[in-house]
Amino acid sequence: MIRALTGYSTRRPWRVIAAWVLLGAALIALTPTVLARVTQHQSADFLPSGYDSAAAQRIAEEKFGANPDATTVTVLVARADGKALGTADQARVEAEAAKLARRQVLMPNEDDLPRFLVPDRSQTPRIVPAMTAPDRSFELLSVQLTGNPSDKGVQGVYRTFRDAARAEFAEAGMRTGFTGSLAERVDTTDAHAFAAKVGSALVMVFIILLNVLVFRSVLAALLPLLAVALIGGAAAGAVAGAALLAGHKLDAGTPDLISVVLLGIGIDYLLFLLFRFREHLRDRPEQPAREAAAQVAARVGTAIASAALTIVAAFATLGAATFGQFRSLGPAIAVAVLVMLLGSLTLMPALLAVAGRKMFWPSAALGRRPAEGRAARLAALVTRRPLMMAAASVALLGALALGLTGIRMDYGRGSGDSTPAAATAAEISRALPAGVSDPTSVFVTVEDGSTLTVERLDGLAQGLSLVSGVGQVAPTVLTEDHRAARIDLYLTAGSQSQQARDLAAGPVRVAVAQNTPGGTTAHVGGTAAIFADIATAVDHDLKIVFPVAAALIALILLLLLRSLLAPVILMLSVGLGFAATLGAATLLFQHVAGDPGVNFTLPLVLFLFVVALGTDYNILITDRIREETRRPGPARAAVARAVRHTAPAIATAGMVLAGSFATLATSPGNEQVAFAMALGITLSALVLSLVLVPALAALFGKAFWWPLRPRPAGHRHATASAPEPSQFTNC
């Protein structure tokens, strides 16, 4: 099938290019609208229904009319002169709030896109007075906006409302502050906006300059970006469309992660093709370019397909996860990578066939053999001193892995920045419990057909007030039919802190269990309770996904390499690389920077990406070692040739992919993921694939392929059409 796809693409390149342009343009145009319909920001919605906080969320929606798409902003209003609010001041605050609540907030068109392509988030906010500080230094207003906080349109609406509210209250002699998840996200995004633009621009410049230095060609430098941008846009549309058809919801951060992944692996695959295409043209200067493109695409396409399917298989294991954020991420990445694979086997060969030798213009490198360079010296060192190089690699990775000592998971979502929203939250916490703007709520429902009264729930409210860490218990709120009740708890710790999560999962739930009246059922909800349950779900999923993913990747390697020993060596190497990367991240962020721990998603996402993408490079080098082993001569010479030919492609691809992941550092809260991904890919490319695996292959010799060995290919040139992997004989 791979040869059929690449063969057709090189015979009919313009048809393939035209089809991709049309498909990509259509999907890119539809993506913003569709994506807005399939993303969600409520973490409780990702929890299985059996968790306590998920049950509480359902009661909040069904009995109390909570809007699952709503996000709350807390507005602090105080006198500009710092004096306490008087009766007249409070009346003025409520009057101004009522005026704002009657005014529709229009969404600004910040991206200059046609209106019909952008979902309109214009809305009239719901504003109600929330609480007054005991010293009357400020009053709080609760503002409810509808939409995902990560949606640019919703963020634009919030900015417009914030600026209008600030101006309105300033005219009345009041100052304002804004806090809450949406306010925090917007403040952090605005603070990082310049860095994000500069970071993205630098990565693009880095990729272009790197390709220019490697290929000495403008076309070879720009083509990867253009091709990957087109395929990546189509892939994002395919992911959004698949989620819509399947009725699945995506986490708000998934689209950005997919974009980075596709940029990295797409350019990787095209680089693999470009390097091999240049090598082939050097060896066969008389061969027509389209014929050369067909042979190269068919040969490298096998390795690319195996590498891509490894990623797909790894992320497919997330289907076994219980936490919905993981379960939605798996199919999304899998669909995106499959689209990129299709583009790599069709659009990219078509571009090679059309450009031909002009792909490398104005470089004259095609007309001469390259001089022995760093790749050749590395190959000689690895094969001359394989035991020393293998030991040095293991020592380096093992030292980094020691950072795993004392690792902790951090389930917080705070950015850690000194934002205006954080300053407002701190001001509120000096007069009121820290959790006043994001309470932990206890929901009570009847089971025996009776009705609830405030008096019947007094014992529960009293028991909750005695829990250490509960700063205040709000009055009990009953539904109209008296079949459900809500008791809000204002914790002394911020809702996203570890202290709040421990409190909600421990003493609060214990007090609820001990004081819930007979004939009723109670559930604890709110941010702190949700993240406590997420911690439990993630711990469960890690124990399932890790071994299943490792088994699937090992199976793919077994089928690809037709060997028992080689897959074991590759899996052990990438496992050590994973441990080293996570250890380095733990050492830097937890032990040195003093973070509460590593982000709770980091171990799983890092395992899947580093193991799957790291296996990509191992597949490329191992596939070339096997090809070179078919030629006459000792095994170490074959390894040396493989490293010499493949090192530039792997090193360049690894640097590009690491740079792509590094751009995540400009996104608020993604610093750990950016560092770990960039380091993991760097270690996978430069240490595992170019040093450790070749060194072990040189040490084991032809036993590396036990119990099979490659069938000799006679004296055919290494770049001739290689035999299929099935051409093996028993040892």
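## Close-up views of a predicted model

**View 1. Strand β10 and its pairing with β11.** Val477 is the residue that stands opposite Arg486 of β11. This pair belongs to a predicted model, in which strand β10, made up of residues 477-478, is joined to β11 by two bridges, the two strands running antiparallel. Together β10 and β11 form a hairpin with five residues between them, and within that turn His482 has a positive phi of about 60 degrees.

View 2. His482 is found in the loop that links β10 and β11, and its phi, near 60 degrees, is a positive value in a residue other than glycine.

**View 3. Strand β11 and its other partners.** Strand β11 covers residues 484-491, and seven of its eight residues are buried, so the strand is largely enclosed by the rest of the structure. β11 pairs with β8 in the antiparallel sense over six bridges, and in this pairing Val444 stands opposite Ala485 of β11. Strand β9, residues 470-473, is also antiparallel to β11 and is joined to it by three bridges; here Gln472 has Tyr490 of β11 as its bridge partner.

**View 4. Ser441 and its surroundings.** Ser441 lies in strand β8, which spans residues 440-446, and is buried, with a relative accessible area of 9%. The side chain of Ser441 makes a polar contact, at 2.6 Å, with the side chain of Asp488. When neighbours within four places in sequence are left aside, Ser441 is in contact with Arg486, Ile487 and Asp488, and also with His523, Val524 and Gly525.

**View 5. Arg136 in the loop between β3 and β4.** Arg136 has its place in the loop that runs between β3 (126-132) and β4 (139-146). The phi of Arg136 is near 60 degrees, which is a positive value in a residue other than glycine. The relative accessibility of Arg136 is 31%, and the residue therefore counts as partly exposed.

**View 6. Helix α11 and the helices around its buried residues.** Helix α11 comprises residues 347-355, of which eight of the nine are buried, so the helix is largely enclosed by the rest of the structure. The buried residues of α11 are Leu347, Met348, Pro349, Ala350, Leu351, Leu352, Ala353 and Ala355. These buried residues pack against α1 (2-11), α2 (13-38), α7 (218-246), α8 (254-283), α9 (289-316) and α10 (324-345). Just after α11 comes Gly356, which takes a positive phi of about 60 degrees.

**View 7. Helix α19 along its length.** Helix α19 runs through residues 602-629, and at 1.5 Å a residue its 28 residues should span 40 Å, a value with which the 38 Å between its end C-alpha atoms agrees. The helix is mostly covered, as 28 of its 28 residues are buried.

Notes:
Residues are numbered from 1 along each chain as its sequence is written. This is a predicted model: local features need pLDDT of at least 70, side-chain atom pairs count only at pLDDT 80 or more; totals for chains, interfaces and linings use all residues. Side-chain values use heavy atoms; hydrogens and water are left out. Helices (H or I, at least four residues) and strands (E, at least two) are DSSP runs, numbered from the N terminus. Buried means under 20% relative accessible area, exposed over 50%, partly exposed in between (1.4 Å probe, protein chains only). A polar contact is a pair of N or O atoms within 3.5 Å; within protein, one must be able to donate a hydrogen and the other to accept it, and residues adjacent in sequence count only if both atoms are side-chain atoms. Contact means heavy atoms within 4.5 Å. Two strands pair if DSSP finds at least two bridges between them. The expected span of a helix is 1.5 Å times one less than its number of residues.
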